[in-house]
Every structure is written in structure tokens, then in C-alpha cells.
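Please open the model in your viewer and keep a selection panel at hand. The tour begins at the ligand and then moves on to a sheet.

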Amino acid sequence: MATKNSTTTGNGLSEERAGALRESLRGELIDPAHQSYDEARKVYNGMIDKRPAAVLQCADAADVMAAVRLAGEDGLDLSVRGGAHSVPGFGTNDGGVVCDLSSMRGIRVDPENRTVRAEGGATWGDLDHATHAFGLATTGGIISTTGVGGLTLGGGFGHLTRGCGLSCDNLLSADVVTADGQFVTASEKENEDLFWALRGGGGNFGVVTSLEFGLHPVGEVYGGPIFYPVDQAGEMMAFYREFIADAPEQLGAFFAFQIAPPLPFIPEDRHGETMCLIVTCWTGPVEEGEKMIAPLLEAAPVAAEHVGPMPYPALNSAFDALLPAGLQHYWKADFVEELTDDAIAAHVEHGPRVPCVEATMHLYPIDGAPHRVAEDDTAFAYRDANFACVIAGMWPDPAHNERNTAWVREYWEAIHLHSMSGGYVNFMSGDDQDRIRDNYRGNYDRLAEVKHRYDPENLFRMNQNIKPGG
Ligand SMILES: Cc1cc2nc3c(=O)[nH]c(=O)nc-3n(C[C@H](O)[C@H](O)[C@H](O)COP(=O)(O)OP(=O)(O)OC[C@H]3O[C@@H](n4cnc5c(N)ncnc54)[C@H](O)[C@@H]3O)c2cc1C
């Protein structure tokens, strides 16, 4: 424990405490005096500028247990960080402890049983790379630098959702360090209540040191982006609504607004033009891909496209370069049951006002396999939603914060009138905490009970927070 009169390294960790920890850790303890401190305290969202007392760069589950015990015993805030992509910046804090898992990225594929185990700090790029060697994959995010842990614990959407389910639907088991510093495994067979809560309940229940997933035979896919002139947005959205409802589940296709980036397949004179687009991913037989995607190429004049056969990890990292770490982020989100004509009208009003090349609106289809899981089978409660919509404000210059956040807010207010009450927790901002009950609907009270059992003091509170006991 910290002694009262000892010198502190920052806002609450004594030098004695830090020294003792350093001797027992395999990983590194980075405090404000450390030369790597400014690098270690950074998260992906450049808007977040926090100064934790210590960043524990954990090497293994034992280090994670030490980080959790440190925060619990010293009464310090505790942030858990995997891929660091949390838009509200939950992966850091002022004056507390960061349990940084970014050195824990090991992946082990079991090709015979079609499973993979990923350490808690792995990214989707790590996982896709390892499983692709065996012609296998599971649902992950569309930007490969995103963390497997954070994304899966909130639910997890991507190109494979319609056919393979949410990322959390593919989770078979998880190793977890709970608030008391104990290590438990959660699955359908042990600690079932914890396993239920982890599949959608976010980082509320403990630090997940490894995750085991079921895999699907996905190797080469047929897909890529198709850009349309923005004056076609209304017609294309209406076409997309009917098309995706009837499309086989092996077809992923999300709708977006985006300013055309300077990519080689987009005619140079159209760089910087606001467009709408559909990003496709066919995971059935590759030779059928052209036929599957043809209706989208024929529905309206195409401004540019980059569709064809490619390895799944190539599609899943195709947009990484557009979104380097350090951009400013402000996002808002909703689930959508029906994409009504009025909703389309709201999109057509606000989508084309997308303020810069990094910013976007994505409308992900989440019908198909996710609908075959009952609403109370996992913590993720929106099994009747057909789409997850996110208005993702992303821009490089803090001087433009007002303009960009205003676009996100105004767009969200317009579409929220046509949406379900809740949204995806992983697409929420820091000012969305009051939506927590709506985000979990009928599952909230059970989540609060499980939270009370595993984290009665709410040590894991740096998240879209579920309060113990309700
Ligand atoms: C550029 C970008 C693209 C995205 N694309 C998608 C997408 O395609 N699909 C999608 O579903 N979401 C997407 N997201 C949202 C993403 O799911 C969330 O931002 C998620 O929180 C990121 O997880 P992380 O591990 O990278 O982030 P972190 O900031 O490291 O973690 C966020 C929070 O998750 C919890 N957490 C993370 N790892 C663990 C762990 N091992 N154990 C316990 N708790 C943990 C903690 O509460 C932590 O504070 C995207 C986000 C960004 C910024």
C-alpha cells in the first residue's frame, strides 16, 4: 500500500509502490518520469489528453492481476486498454492506472477444430493474418488496427456479420481477471453469467486476458468499394434497402457517405468530391462474386469502384491508411429496425454535408446470423435491428472541432427520430452515458446483477458504465 508521506510519481502512486511493482512485473511500469511516458499515455483519439499516474504495459495475465490489484488497493481509477480505439478515450485517465494490453498480442490458431485464441491486446490485423493462413476467419472490425478485445466485448460488426454473426457470437470462452484480482475462465460451461455479460456488456466485468473464437471458412473474398455521385444518394439508399434485405447472408455490404480520397482507382478530377458508397464483401464461392455484386454496379452510374477478388485481410485493412492514430474523434450511433423513406430523407440532407475526407456515416447491415440469437441469449440486446448506424466524426485539426462535432450532432438528431432508442455501445461518445439503459434494453437489470457479483465497487468504470445492482 502507498505510505502517506512518500513521494508520488504522479497523482497518487508512491515511488516505493512503483519500485516494488517494477521488480515484480514482466512488463513495464511507465510513470510520468519515464522517457516513454508521453508515448505511453496516448490513445487513438487525438482529442484525449490525459495524464495517468502509471501505465502498466502488461506482459501476461500475472501483470494484469498486479495492475488490477494496484488500482483496487490504492483506490485509483483503472483504465483497460487493448487496441486503444475507444472514441471516448476509456483506455486512459487522469491520475489513475492504465492496464495496457498492447504487448499481449499472441494468436494461436487450431485449424483442426477451427478455433483461434487471441491475447487481450491483439488487433484484428493480428488475428486476420494468423487465421487467413488456414483459410479461416471470424467477424471482426473493418479497420485492422482496432482491438479484438474492446470490439468483441461490445458486440462486434464487420464485413462478415450477416453470415457469421457478431464477433461476440463467435466467442467460445474468455480468460478474465476480475475486480478482486482473481483469474477465471468464462464460457457456456463455467461462469456462465459472466460469459453472458461479456458478450455485449463491454469492459464492465474484468480484464479479458485472452479470447477464444470459432472460425469460418473465409479466405479469398470478392468485394471492395463502389462510389456513386452524391446526387444519387436517395435512390441508391432506397435500392440498397431492398437489395440487402434479399441478398444471401454471405454478402456483406454497408452504405456510407464519404469525400472521395485521393486513391488511384478514383479519377483524379473527382478526388475531394462528396460521394456515397457501398462497401461489399462476398464470402461465397469467389467465382459467383461478380454476379452477386452486379446489381449494385448497374443500379446507378458508378463514379469509381475497386471491386474484385482479394484476400479477406486485404479488404479488412483497405481503409487503415485513411485513419491514422491521432485524429480527433466524435461519434454518435443508433440501431435501425426499418430504413424508412423519412430516414433516407434525413440521411440525404445530412450525409452530403460530411465535412472532411476522414469523416463518414456507415450503415452496417446486422440482419441474418445475428437475428438467430435470442435477445436475452447474450448481453447484446438488439437482435431485431436490421442496421447499426454510426456517424463518425474524424478530422485532423483540433481547430475544426466545433464544425465537426456539430455535423455529427445535427445528423444524429435528424436520424434518431427514425431509429430505435439505443445504439451500439462501441460507437458511443463520452456524452452518451445516459443512454446506457436504452443500449441494453431488457438485459440491463441482469447486467447490473452480474456487475454487482463480479465488480461490486465498480472498479471497471471507465467504460459505458453499468452500475452494480442497477
Ligand atoms: C477507426 C475505428 C474503426 C472501428 N471499426 C469498428 C468496426 O468495424 N466494428 C465495430 O464493431 N466497432 C468498430 N469500432 C469501434 C470499436 O469497437 C471500439 O472503439 C472498441 O472499444 C475498440 O476496442 P479497442 O480494444 O481498440 O479499444 P480500447 O480503447 O483499448 O478499449 C476500449 C474499452 O474496451 C474495453 N476493453 C478493451 N480490451 C479489453 C480487454 N481485453 N478486457 C477488458 N476490457 C477491454 C475497456 O473498457 C476499454 O476501455 C471502430 C473504432 C474506430 C476508432
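**The ligand and its shell**

Select F157 first: one of its backbone N or O atoms lies 2.7 Å from a nitrogen atom of the ligand, a polar contact being a pair of N or O atoms within 3.5 Å. Taken alone, the ligand exposes 940 Å², of which the protein buries 97% (accessible areas by the Shrake-Rupley method with a 1.4 Å probe). This is a predicted model, in which local features need pLDDT of at least 70 and side-chain atom pairs count only at pLDDT 80 or more, while totals for chains, interfaces and linings use all residues. Residues are numbered from 1 along each chain as its sequence is written, and side-chain values use heavy atoms, with hydrogens and water left out.

Next select G83, where a polar backbone atom is 3.0 Å from an oxygen atom of the ligand, and then G120, whose polar backbone atom is 3.3 Å from a ligand nitrogen.

Now display the open sheet of four strands, ordered β1-β2-β4-β3 with mixed pairing, where pairing requires at least two DSSP bridges between two strands. Its edge strands are β1 (28–30) and β3, each pairing on one side only. Finally, select I30 together with V55, its bridge partner in β2; β1 and β2 (residues 54–57) pair in the antiparallel sense over three bridges.

Key: A polar contact is a pair of N or O atoms within 3.5 Å; within protein, one must be able to donate a hydrogen and the other to accept it, and residues adjacent in sequence count only if both atoms are side-chain atoms. Helices (H or I, at least four residues) and strands (E, at least two) are DSSP runs, numbered from the N terminus.
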